[in-house]
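Open the structure in your viewer and keep the selection tool at hand. We will go stop by stop.

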Amino acid sequence: QVQLVESGVGSVLAGGSLRLSCAASGYIYPSPTYYLAWFRQSPGKEREGVAGIHTGGGTTYYADSVKGRFTISQDFSKNTVNLQMNSLKPDDTAMYYCAAKNFNPTQQKLLRSDFPHWGQGTQVTVSS
């Protein structure tokens, strides 16, 4: 059974950095057939996919809103997927969720409905 547990909750001033981690269990690693992603949701808004990575090939995806500021990576020794967030803005304030699905090369964007497995979420707050 797939389990995802996020860590790295925090508050930071605008311009600062935070790092989130998601521990993945249930045969996600070292399987090359999964896709892991980070989503975020703030009150009153839709859940938005911000970054994703293929466990097999390492191919990454970023939403335009975070390109150049966020970096997704995976640590095979710890079975984790990480999100390094730099140059944070108040608009980045949200609950951040780790999600997993079977890899599908035809699915180019991060859609909430494509991901059956979710973590519990971790809060990120950026103050101006």
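**Stop one: a facing pair**

Remember that this is a predicted model. Select Ala23 and look across: Thr80 in S8 stands opposite.

Now widen the selection to residues 18–25, strand S3, and residues 80–85, strand S8. These two strands pair in the antiparallel sense, over six bridges.

**Stop three: the cores**

Select Leu4, Ile28, Trp38, Val81, Leu83, Met85 and Tyr96. They have the most contacts inside the largest nonpolar core, which has 30 residues. Elements giving two or more residues to this core include S3, S7 and S8, along with S4 (34–41), S9 (94–102) and S11 (122–127).

Zoom in on Met85. Among the residues it touches are Leu18, Leu20, Phe70, Tyr96 and Val124.

Another core, of six residues, lies apart from the largest one. To find it, select Tyr35, Ala37, Phe39 and Ala99, which are among its members.

**Stop four: a loop residue**

Go to Thr55, in the loop between S5 (48–54) and S6 (60–62). Is Thr55 buried or exposed? Its relative accessible area is 3%, so it counts as buried, the cut-off being under 20%. Show its contacts: Thr55 touches Ile28, Tyr29, Pro32, Tyr34, Leu36 and Phe76, among others.

Note on methods:
Residues numbered from 1 in each chain as written. Predicted model: local features only at pLDDT ≥ 70, side-chain atom pairs only at ≥ 80, totals over all residues. Heavy atoms only, no water. Pairing = 2+ DSSP bridges. Helix = DSSP H or I, 4+ residues; strand = E, 2+ residues; numbered from the N terminus. Buried < 20%, exposed > 50% of the residue type's maximum accessible area, 1.4 Å probe, protein only. Contact = heavy atoms within 4.5 Å. Core = buried A, V, L, I, M, F, W, Y, C linked by side-chain atoms within 4.5 Å. Lists of a residue's contacts leave out its neighbours within four places in sequence.
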